[in-house]
Amino acid sequence: MSGFLSFMLVALVAGVFGVIAVLHKLKEPGPLAADKIVYLPPRSDVPEMLAQLQREGVIDSPSLMNFAVLVEGARGKLKPGEYVFKKQASLRDVIDALVAGRQLMHTLTIPEGLTSEQILERLRDSDLLAGDILEAPKEGALLPETYKFPRGFPRSKLIVKMQEDQRKLVDQIWAKRAKDLPLRSPYELVILASIVEKETGKAEERPRVAAVFTNRLRKGMRLQSDPTIVYGLVGGKATLGRGIMRSEIEKWTPYNTYAIDGLPSGPIANPGKAALEAVANPANTRDLYFVADGTGGHVFAESLDQHSRNVQNWRRIEQEQKAKAGEGIDQSAPAAVPPPAPPKATSPTSAPRRRSAG
């Protein structure tokens, strides 16, 4: 009995010293000569991960690492994925990174004003994402933003996040909207913001462009936005790639705001935060018209006479530009005509004379 107890004591002491030695070994610098990115495929088991880490030169003793995670009860907590391991990363560093799942994050930027179909194309084209897109999101339901995700992140989950972020943002902006806004719901806010987004790329102009359209809604004037013509013709799949024809201005679609009263039947793009905020709190102006100024921006007017002079100036500029670069894409030539009559019931077989808002 005495001999057995002595043996157990020696074994216990040896075990304690062994564990201490292992813990010390875990903190020693590893074999990596430089920082390295290593991708451990999904569903890799622990032996496969350890073998790959050894092949990549991250660790030099898979058995030691396996023993360490067994002692710590972390063997089932190692997560596959893409990791950046620093130069001479210790086994402790490697284990902590895999247990915490501190994967390398990639980014994908979705610009403002893309249609949902165009956003889906970008998601499909990214080889950093995985999985199929089972259901196409509705127009205007995605928030343009820069998103971070690990390699192999499901496309469907990223779409869900884009939708959730958009709903939260719209609710926040709607709650802080101007009291006299001529819009009845957050959805109508998104519809008008999508038009503002497509009309101007200048941040400082958005509130004033929004004011033109909200002023028109209050007066019962048609919005007359060229991008709504384009969306009604191509359904958000592409641009026309040419100028808008006169027959297309008068062609009835549920989106063509030259042919219908009020807002179109839905958004024509996915607006960003700035456009949503501009519509929720438009500039305090009486502007009813705007037209391109030839510098990438617009010139605004309260009266038709003033707008007519602005249009004539734009026509002169446009002729000079056409001589250099050809016809404008997705834009119709502005025209000044008599002020609008009160709105009439929309009919798919007729369209009013054009009165050019923008």
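Which residue in E8 does Phe 290 stand opposite? In this predicted model, the residue of E8 that faces Phe 290 is Phe 300. The two strands concerned, E7 (residues 289-292) and E8 (residues 298-301), pair in the antiparallel sense, and four bridges link them. Together E7 and E8 form a hairpin in which five residues lie between the strands, and within the turn Gly 294 adopts a positive phi of about 90 degrees.

On the H7 side, the contact involves Leu 189, Val 190, Leu 192, Ala 193, Val 196 and Glu 197, which meet Ala 275, Leu 276, Val 279 and Ala 280 of H11. By class, the residues of this contact comprise nine nonpolar and one charged, with no polar residue.

Attention then turns to a glycine in a loop. Gly 101 is placed in the loop between helix H4 (91-100) and strand E3 (105-109). Because its relative accessible area is 23%, Gly 101 is classed as partly exposed, given that the buried class is limited to values under 20% and the exposed class to values over 50%. When residues up to four places away in sequence are not counted, Gly 101 touches Lys 79 and Tyr 83. Gly 101 and Gly 81, although 20 residues apart in sequence, have a C-alpha to C-alpha separation of 7.7 Å in space.

How values were computed: Residues numbered from 1 in each chain as written. Predicted model: local features only at pLDDT ≥ 70, side-chain atom pairs only at ≥ 80, totals over all residues. Heavy atoms only, no water. Contact = heavy atoms within 4.5 Å. Nonpolar A, V, L, I, M, F, W, Y, C, P; charged D, E, K, R; others polar. Buried < 20%, exposed > 50% of the residue type's maximum accessible area, 1.4 Å probe, protein only. Pairing = 2+ DSSP bridges.
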